[in-house]
Amino acid sequence: MAMIGCGSMGGGMALLFAEHGITVSLNDPSEETMDQLLATAKQDGLQDRLQKHSSYDDLCKSLGSPKVFVFSLPHGTVPDSVVDGLHTYLAKGDIIIDASNENWQNTQRRQGKLVPQGVYYIGMGVSGGYQAARRGPSMCPGGEERALDIVMPLLRKVAAKDSQGNPCVAKAGTGGSGHHVKMIHNGIEHGMMSALAESWQIMNLGLGMTYEEIANEFDRWENDGELRGTFLVNIGADICRQKDDQGRHVLSIVEDKVVQDVDGTEGTGIWSQLEGVRLHVPAPSLTTAHFIRLASAFRADRQQVKDAFGGQFPVQEWGEAKGDKKSILESLRRAIYATFLASFVEGINIIDQADQENRWNIDYSAVVQIWRNGCIIKADYIIDMLGDIFKEPKVDLDLLHNKRVAQELKQAFPALKEIVMKGVEHNAIIPSLSATLEFLKYSTNTILPTQFYEAQLDYFGKHMFDLKSEAAGKPETGKHHFEWKLA
């Protein structure tokens with residue numbers, strides 16, 4: 001097989017395939033990158049299974065039939081250029097596995113483009129970071145059934161394994177479903193990351209806890225209860241404990257800037273938010289997490305705004321809470337769980353709407369298996385619950401309709417409300433936590449302030465409205481108008 005793109009992810013996967021007995025032909029525009037990878041392969045005793053090739057002609061001659069290519073490339077136009085460069089060397093039955101964080105619409109466009117040649121293009125989301133790429137990632141392939149059947153034995157061999165030894169890879173569905181599911185995985189990831197970061201700041205600045213104390217609290221969360229086996233909580237403890245060679249906590253010197261959305265290296269966060277809006281799916285836990293990422297990137301602008309305001313709204317100590325810290329920390333744990341679960345609910349709702357639109361026939365049990373290990377959103381309690389739900393016949397994929405999910409969120413609601421109330425009182429920065437609280441409030445409420453909103457729209461725009469006395473019906477234009485003021 002060929003690996004095109006040998007950076008941290010592609011290089012890690014090349015070594016992983018080699019470790020499982022696959023000869024990997026390397027191609028990358030940087031000779032230095034390939035040489036570094038070969039040096040690592042030598043250290044790992046894998047030098048005989050990796051070869052570098054500077055031209056597509058040389059690369060393709062090194063492969064058998066059908067030729068199998070794995071892409072690990074930047075999203076956007078680069079894969080198009082590579083496909084164009086390979087065009088004359090591709091034959092019927094060849095397979096391209098795009099393991100990049102690519103936009104699903106680009107994936108489907110390339111799939112269509114390669115149909116006349118009889119070449120298969122599989123869009124495969126890969127999760128777990130560069131460490132998992134080397135040791136065994138979670139993988140989410142989507143495409144034509146025949147092509148997936150050919151590559152699945154190989155993917156199962158190298159994928160992360162769950163606690164029962166089952167591979168965390170499965171056929172997501174047809175078309176661009178693999179990249180779509182991975183895109184929404186990343187949206188869920190951002191909601192979870194924001195909530196956990198919010199909890200870290202509450203503990204550090206609000207409750208005056210040291211990094212070591214916070215690490216111990218994360219350990220407690222990760223070892224038992226609804227947050228057990230959660231990857232992000234696990235690494236959160238590690239992040240709080242890590243020190244550099246000067247004895248400083250590394251976290252203490254990290255600037256509060258997330259720039260991956262702005263510098264173009266990360267597209268999935270933006271696409272997942274756009275997808276929710278396009279499909280009319282409210283996903284505030286995810287979207288609000290994205291807004292704080294964007295605000296954080298422009299730190300110089302935040303400094304300028306701070307100067308214009310003559311100061312900031314500082315996060316205050318939760319003085320009265322320190323006497324009952326144990327209770328507050330338990331409420332915080334429950335609030336984080338509520339936000340994590342809401343992030344999954346919102347994300348799966350987006351996937352479902354896209355699946356209905358594109359007819360991908362997504363296998364949600366397969367998606368749950370993909371998310372069991374090796375991925376950033378690994379969360380054992382939540383995934384076990386979703387696994388049970390998706391085993392049921394005729395599952396309603398709006399999980400707020402599911403009684404078990406509803407009960408879990410209802411039970412966590414008081415803790416979430418308590419943390420948000422205290423957070424507001426003490427200027428805590430809690431976008432995802434507060435957005436989740438509002439999401440649960442307006443999703444369960446049949447008396448929304450949009451009653452007045454709808455009247456305003458009818459007043460100046462003649463947008464029509466429904467009557468309370470009528471059945472709820474579908475989200476369609478109402479049949480009634482009132483002449484509030486003559487033209």
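Is Cys 6 buried or exposed? Cys 6 counts as buried, at 4% relative accessibility. Buried means under 20% relative accessible area, exposed over 50%, and partly exposed in between (1.4 Å probe, protein chains only).

## Basis

This is a predicted model: local features need pLDDT of at least 70, side-chain atom pairs count only at pLDDT 80 or more, and totals for chains, interfaces and linings use all residues. Residues are numbered from 1 along each chain as its sequence is written, and side-chain values use heavy atoms, without hydrogens and water.

## Cysteines

The structure holds zero disulfides (pairs of cysteine sulfur atoms within 2.5 Å). For Cys 6, the closest cysteine sulfur is in Cys 60, 14 Å away and too far for a bond.

At 2% relative accessibility, Cys 375 counts as buried.

## Sheet

Seven strands form an open sheet with mixed pairing, in the order β3-β2-β1-β4-β5-β6-β7. Strands (E, at least two residues) and helices (H or I, at least four) are DSSP runs, numbered from the N terminus. Two strands pair if DSSP finds at least two bridges between them. β3 (50-52) and β7 (138-142) stand at the edges with a single partner strand each, so one side of each lacks a neighbour in the sheet. The twist averages 25° from one strand to the next.

β1 (residues 2-4) and β4 (residues 68-71) pair in the parallel sense over three bridges. Ile 4 has Phe 71 of β4 as its bridge partner.

## Helix on the sheet

Helix α4 (residues 77-86) packs on the sheet. Helix α4 touches β1, β4, β5 (95-98) and β6 (120-127), where contact means heavy atoms within 4.5 Å. The direction of α4 makes about 160° with that of β4. Axes are lines fitted to C-alpha atoms, for helices over the stretch in contact, and angles run from 0 to 180 degrees between N-to-C directions.
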